[in-house]
Amino acid sequence: VNAELLEVREVGNEVEATVLFDCILREDDGATDQVREVWHFTKPVNSSQPKWYLDGIQQLEDRAST
């Protein structure tokens, strides 16, 4: 799994982080699928908690079997 932090920004009372996940999934039979998704996380600006909440997942392209 390769993860890349694309953006962090404040929107109103929240901090939003956008992360790209790019990975290859391999099945038991050897078939592989590439999965590329952007995950959106949020947390309150003034929160002392380290928790981020998943706000949405965006699929970037169809999975291509190889």
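Me: Let me start with my notes: two strands count as paired if DSSP finds at least two bridges between them. In β4, which residue is the bridge partner of H40?
Reply: G56 is the partner of H40 there. Keep in mind that we're looking at a predicted model.

Me: Got it. How many bridges do β3 and β4 have, and is the pairing parallel or antiparallel?
Reply: Six bridges join β4 to β3, which covers residues 32-44, and they run in the antiparallel sense.

Me: What holds paired strands together anyway?
Reply: Strands in a sheet pair through backbone hydrogen bonds.

Me: Nice. What's the order of strands in the sheet?
Reply: The order is β1-β2-β3-β4, with antiparallel pairing, and the sheet is open. Its edge strands are β1 (2-11) and β4 (53-59), each of which pairs on one side only. From one strand to the next, the twist averages 20°.

Me: Switching topic: how many aromatic pairs are there?
Reply: Two turn up when the whole structure is searched. One of them is W39 with F41, whose ring centres are 6.1 Å apart and whose planes make an angle of 35°.

Me: Why is that one called tilted?
Reply: Because 35° falls between the cut-offs: planes under 30 degrees apart are stacked and those over 60 are edge-to-face.

Me: And which residues are in the ring cluster?
Reply: F21, W39 and F41, linked by ring pairs.

How values were computed. Residues are numbered from 1 along each chain as its sequence is written. This is a predicted model: local features need pLDDT of at least 70, side-chain atom pairs count only at pLDDT 80 or more; totals for chains, interfaces and linings use all residues. Side-chain values use heavy atoms; hydrogens and water are left out. Helices (H or I, at least four residues) and strands (E, at least two) are DSSP runs, numbered from the N terminus. Axes are lines fitted to C-alpha atoms, for helices over the stretch in contact, and angles run from 0 to 180 degrees between N-to-C directions. Rings of Phe, Tyr and Trp (its six-membered ring) pair if their centres lie within 6.5 Å; planes under 30 degrees apart count as stacked, over 60 as edge-to-face and the rest as tilted.
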